[in-house]
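Work through each task before reading its solution.

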Amino acid sequence: MTFEVVYGLTAEADVKEILDWYSSKSLTSANNFLSALRQTEETILRNPLAFLKIEKSSFRRAVIKRFPYCVYF
């Protein structure tokens, strides 16, 4: 089975806002965040069941390394 990452409108807006903020501080930081996000997406796609479910829901959470953000799926 092949999976793909699809962001909802709110999530897209969140990522844009985060990238804008990091870009205002440092383009390197923005690129590092985007790279870490892409790595997290790849890890989710390779093995989504590796991430624990959030209590009392069907959602899972993947922490983005080196940044204070998570991907919920």
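Asp20 has a relative accessible area of 42% and is therefore partly exposed; buried means under 20%, exposed over 50%, and partly exposed in between, with a 1.4 Å probe and protein chains only. The model is predicted, so local features need pLDDT of at least 70 and side-chain atom pairs count only at pLDDT 80 or more, while totals for chains, interfaces and linings use all residues. Residues are numbered from 1 along each chain as its sequence is written, and side-chain values use heavy atoms, with hydrogens and water left out.

**Exercise 1.** Find the salt bridge partner of Asp20 and state how far apart the closest N and O atoms are.

Solution. Start from the criterion: a side-chain nitrogen of Lys or Arg within 4 Å of a carboxyl oxygen of Asp or Glu. Asp20 meets this with Lys16, the closest N and O atoms being 2.8 Å apart. Next, take the positions: the two residues are 4 residues apart in helix 1, and therefore separated by about one helical turn. Helices are DSSP runs of H or I with at least four residues, strands are runs of E with at least two, and both are numbered from the N terminus. Last, Lys16 counts as exposed at 51% relative accessibility.

**Exercise 2.** A search of the whole structure finds 2 salt bridges. Describe the one that involves Arg38.

Solution. Arg38 pairs with Glu41, and the closest N and O atoms are 2.9 Å apart. Both lie in helix 2; being 3 residues apart, Arg38 and Glu41 are separated by about one helical turn.

**Exercise 3.** Characterise the aromatic pair of Trp21 and Tyr22, then follow Tyr22 to Phe67.

Solution. A pair of aromatic rings is described by the distance of the centres and the angle of the planes. The rings of Phe, Tyr and Trp (its six-membered ring) pair if their centres lie within 6.5 Å; planes under 30 degrees apart count as stacked, over 60 as edge-to-face and the rest as tilted. The whole structure holds 6 aromatic pairs. For Trp21 and Tyr22, the values are 5.1 Å centre to centre and 80 degrees between the planes, which is edge-to-face. Tyr22 and Phe67 have ring centres 5.3 Å apart and planes at 85 degrees, so this pair is edge-to-face. Tyr22 is buried at 10% relative accessibility, Phe67 is buried at 11%, and Trp21 is partly exposed at 47%. Ring pairs join Trp21, Tyr22, Phe33, Phe67 and Tyr69 into a cluster.

**Exercise 4.** What are the phi values of Lys56 and Arg66, and where do these residues lie?

Solution. Lys56 is not a glycine, but has a positive phi of about 60 degrees. Lys56 sits in the loop between helix 2 (27-46) and strand 1 and is exposed, with a relative accessible area of 80%. Arg66, also a residue other than glycine, has a positive phi near 70 degrees. Arg66 belongs to the loop between strand 1 and strand 2, and a relative accessible area of 70% makes Arg66 exposed.
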